[in-house]
Every structure is written in C-alpha cells, then in structure tokens.
Amino acid sequence: FDIDWQGTEQLSNYPELNLLKIFILPPSLEELEKRLISRNQDNKDAIKRRLSAYSKDVIHSKNYDHVIVNDKVENCFNEIKRIISNHQQ
C-alpha cells in the first residue's frame, strides 16, 4: 500500500497483517517544494498545505520499520527492493 501515516497507524492495529512499514522522505523541505512545483499538479495553496504538514508528518517516521531518503529515484527503489527481499527471507 502507498498510504499516509494515519492509514499506516490504523493498519498497525492488525498484527496479523505482518506489515513492513517504509517511510520515504524527500532530502529536504526545500527539495519537496521544488518537486511539488515541478510536477505542476497542485495549486499554490495545496503546495503550501503539503509543506506545512511536512514537519508534522516526519515526526511519525519513528513508527516505521525503515526510513529512506529519496535523494535519487533509482537508489530509493533499490533500497526498497533490498528491504523487501530481506523481509521475505
């Protein structure tokens, strides 16, 4: 699943799901802003809301099994594959 921390929190109430929780972060708040603007999918107000929620969202990363900084897509993808592979063993 690709869900926010609230959804993860709800699913974590079901231990039988055996969740592997991976929190993916941008390298910085500035980079997040740059990425949101370059996607050209959200208006300025939506981007502002996302940026203001960032610091609150990051606090929840401590409740995850792994935290990955998405500095480069390929590196991030390979790290996720490695984590999943190790979890399945």
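Colleague: How many aromatic pairs does a search of the whole structure find?

Modeller: One aromatic pair turns up in that search. Phe23 and Tyr64 form it, with 4.8 Å centre to centre and 75 degrees between the planes. Bear in mind that the model is predicted.

Colleague: What does the pair tie together?

Modeller: Phe23 lies in strand 1, while Tyr64 is in the loop between helix 3 and strand 2 (66-69), so the pair links parts 41 residues apart in sequence.

Colleague: Are Phe23 and Tyr64 buried or exposed, and how do you know?

Modeller: Buried means under 20% relative accessible area. Phe23 has 10%, so Phe23 is buried. Tyr64 has 12%, so Tyr64 is buried as well. Over the chain, buried residues make up 24% of the 89 residues.

Colleague: What makes the phi of Asn18 worth a remark?

Modeller: Phi of Asn18 is near 50 degrees, a positive value, and the residue is not a glycine. Asn18 sits in the loop between helix 1 (5-11) and strand 1 (22-25).

Colleague: Why is Asn18 called exposed?

Modeller: The cut-off for exposed is over 50%. Asn18 has 56% relative accessibility, so Asn18 counts as exposed.

Colleague: And what can be said of phi and exposure at Asn40?

Modeller: Asn40 has a positive phi of about 55 degrees without being a glycine, and its place is the loop between helix 2 (29-39) and helix 3 (44-59). Its relative accessible area is 66%, which is over 50%, so Asn40 is exposed.

Colleague: Which pattern does the chain follow along the sequence?

Modeller: The pattern is α-β-α-α-β-α, from four helices and two strands.

Colleague: What share of the contacts with a separation of 6 or more comes from residues 24 or more positions apart?

Modeller: Such residues account for 64% of those contacts.

Colleague: How far apart are the mean positions of the positive and negative charges?

Modeller: The mean positions of the 13 positive and 14 negative charges are 4 Å apart.

Notes: Residues are numbered from 1 along each chain as its sequence is written. This is a predicted model: local features need pLDDT of at least 70, side-chain atom pairs count only at pLDDT 80 or more; totals for chains, interfaces and linings use all residues. Side-chain values use heavy atoms; hydrogens and water are left out. Buried means under 20% relative accessible area, exposed over 50%, partly exposed in between (1.4 Å probe, protein chains only). Contact means heavy atoms within 4.5 Å. Lys and Arg count as positive and Asp and Glu as negative; His and the chain ends are not counted. The place of a charge is taken as NZ of Lys, CZ of Arg, CG of Asp or CD of Glu. Rings of Phe, Tyr and Trp (its six-membered ring) pair if their centres lie within 6.5 Å; planes under 30 degrees apart count as stacked, over 60 as edge-to-face and the rest as tilted.
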